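Visitor: Could you pick one spot in this structure and take me through it closely? After that, I'd like to hear how a few other parts are put together.

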There are 2 protein chains.
Amino acid sequence: MINKFDPASADALSTADRALLARRRATLGDIYPLFYERPVHVVRGSGVRLLDADGVEYLDAYNNVPAVGHANPRVAEAVHRQLTRMNTHTRYLQDGVVDYAERFLATYPAPLDHVIFTNSGSEANDLALTIAAWRTGRRGVIVTRMAYHGTTALLAGVSPENGPSMPLAPYVRVVDAPDTHLHGEHAAEVFADGVSAAIADLQASEFGVSAMLIDTILSTDGIYPGERGLLAEAFRRVQAAGGLVIADEVQPGMGRLGEHMWGFQRHTDAVDMVTSGKPLAGGMPIGSLVLSSDLSDGYARDHRYFNTFGGNPASIAAATAVLDEIEDRGLVAGSLEVGTLLREGIRAASAGSALVGDVRGSGLFVGVEMLGADGQTPRDTARLMVNGLRDRHVLISAVGLTGQVLKVRPPLVFTAEDTAEFLSVYGDVLADVEKEGAGS
Amino acid sequence: MINKFDPASADALSTADRALLARRRATLGDIYPLFYERPVHVVRGSGVRLLDADGVEYLDAYNNVPAVGHANPRVAEAVHRQLTRMNTHTRYLQDGVVDYAERFLATYPAPLDHVIFTNSGSEANDLALTIAAWRTGRRGVIVTRMAYHGTTALLAGVSPENGPSMPLAPYVRVVDAPDTHLHGEHAAEVFADGVSAAIADLQASEFGVSAMLIDTILSTDGIYPGERGLLAEAFRRVQAAGGLVIADEVQPGMGRLGEHMWGFQRHTDAVDMVTSGKPLAGGMPIGSLVLSSDLSDGYARDHRYFNTFGGNPASIAAATAVLDEIEDRGLVAGSLEVGTLLREGIRAASAGSALVGDVRGSGLFVGVEMLGADGQTPRDTARLMVNGLRDRHVLISAVGLTGQVLKVRPPLVFTAEDTAEFLSVYGDVLADVEKEGAGS
């Protein structure tokens, strides 16, 4: 984890936070790392703001889960209303889950007309790979070099971002993400050729090609939106080899990229399954696997899948409220508009800087590629930026092969004013990091 | 699935329900089966009651998720309050999740002092098996013959209840559940010997013994509470072979068995990991893996695990309210008291019947072993009972090797009056099924 708190530096925290940290460590333990050199102790939120225990306000330019804003009242009321009525499972006939499924599926292109609800993107990805293995009769999976697809044992095996202590499954082939910074207009071709090599390698193995599982903005690889169509040729090659393309829309999905509801739509409609999770329901646990009836009902003929909380009325009520908010407030168009301001603003604010190599993004998902300087690696400067922003109460994080790319991914309700505030602080912090670098 | 609606018999439903069913099939598809020959279309709930779309009230003697009652106001208010404040993830420092972790862990015996929150029992079981494989360096897993442990690919491989079309993983060994009906006082010994054979078989294989994963009341195997200590010797043998014992408390846990908070405590405190999910948070998605700090922090040294929604404040607020309700209303003692009434009442009501072979249980978890008669299998009579009760607006289901065991597992707020109502209907339906049998 790139942006990780080191418990050895707890001395910098308040007495109260140190006490809470000690209780946290005694119960949740080391498996629960915290963000930032000085963790943020959050107690309230509203819109794009988080408040800490001392009443300090933070501008949230990082979280995609509260896509429609922290503590969104419409989400809170919808869940409350549902919980005062009932909250049970899908083995009883219910209206809400069907109403939502219809609206949700209407945001997907044909033939993606069935949905299976889970509790997380992980559960959705796990099932998607299982269905792909069933359909193809093969097991080989292609992922990108820093891909992260979730928490289950199956997904840990296809998530190289976890690092070498969590080895990949033998049937996995890793390809370089389409690095538009490095390869420019050739990125699509270089990427497709990498995928072809992986296909050939799998076909020569006992595994064959079952699926390519891919985040359609390559979030953990370093955020590569690329030109429209960037991924299309690679997808065609996977499908030509009999494999299925699974678009992981946990990060780019739900309108974030500003042009469509789903990231894959920037490149092609021809995907076989689509998963999502984080941004669907304002923080209520949910995940989704969308696929054709042919795949879903075909799989159901010989296989059971029941998820107790999957499609529960409270999560569905929240998801419905989120969809209402996105539609009523025009948040997809808003993401494009404000995201463009944000990206161009960052570009302008970085123009004179030797520390910024590239600013890229689509909608409200922006990656800023940091460069090294004066004995500092790009990862170092990215870390300085992330923590410098945090110290000035602006929340972002970093991703990429070495953690060198700033990840700016605010709630979709981020406004032009929020953008101006972000840019002002960003400029100050960048100047500071340049000075620190020069002084070191 | 035993108690499954056949879409071919949709004609028996109302016009409105048939229309909803058609829309449901067009979006959710065949992977979403419904309970009962005539599905129940639920719209509201309160306490142990569910209301259908026509205003008909059902007595819920089946659902353990709403342990503190359907539409529990304390749960609804707690979630609402939290959602109006904020609902984010555990990479910020927060009070609620630590407060709850302390209270929750206080319900477990030493050295089980760390908890990892997930979104489901499935995610918890998946992680538990992964941690066991890491700790032991081995992969072999022992489960019972009709075990069901969850939805992920890893768990499908250790869940024989799914049937032969979902094959078990090669490293799995299946043992017969301790059938107290068949083996009486020898059940513990027969079970332990089965486990010893599985251990020997795994030790002779390339896999070795990593873990035994077991539901401590053997719910899907047919509900075998047994005498206190029933499982202890088998657990000792697993541990003597270097394997870990993982108690799956998704069904028996959270006070249901009426004597302790967790089912394993009826038999022994010596388990290595404990998972739960369903009953923890009144229907809000949550799962838990409880283990020693040695295991949890040891695993964390070389492995990442982050679950976006795991431990989210809204689910934690609900879980806290559920714990408050269980404590303040004395629901563990209540489960013992009402459960005893229920079990003895069913026994009395079944006394003259040739269709009932055994009535067993602990607290509010009762299994009724049906027998066959007049050309009907035990499964047939169980199905007649389940649907007969449903037609008289009492909800239960069936489990067991052939689906021959009625599963009566009401919310923990089930009262003596609810029990009397249940017994009255139970007696009528049993009499009807006997008549039908005699008449066929």
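Guide: Let's start with A:Arg392 and who sits around it. Skipping its neighbours within four places in sequence, A:Arg392 is in contact with A:Val425, A:Asp428 and A:Val429. Keep in mind that this is a predicted model. A:Tyr426 is 34 residues away from A:Arg392 in sequence, yet the C-alpha to C-alpha distance is 9.3 Å.

Now for helix H2 (residues 73–85) of chain A. The buried residues of H2(A) are A:Val75, A:Ala76, A:Ala78, A:Val79, A:Gln82, A:Leu83 and A:Arg85. Those buried residues pack against helix H10 (313–328) of chain A, and also against strand S1 (42–46) and helix H2 (73–85) of chain B.

Last stop, the sheet. Seven strands of chain A make an open sheet with mixed pairing, in the order S4-S10-S9-S8-S7-S5-S6. Strand S4 (114–118) and strand S6 (172–175) are its edges, each pairing on one side only. From one strand to the next, the twist averages 20°. Zooming in, strand S8 (residues 244–248) and strand S9 (residues 273–276) of chain A pair in the parallel sense over three bridges. A:Asp248 has A:Thr275 in S9(A) as its bridge partner.

Key. Residues numbered from 1 in each chain as written. Chains lettered and ligands numbered in written order. Predicted model: local features only at pLDDT ≥ 70, side-chain atom pairs only at ≥ 80, totals over all residues. Pairing = 2+ DSSP bridges. Helix = DSSP H or I, 4+ residues; strand = E, 2+ residues; numbered from the N terminus. Axes fitted to C-alpha atoms, helices over the stretch in contact; angles between N-to-C directions. Contact = placed C-beta atoms within 7 Å. Buried ≥ 20, exposed ≤ 12 C-beta atoms within 10 Å, placed from the backbone.
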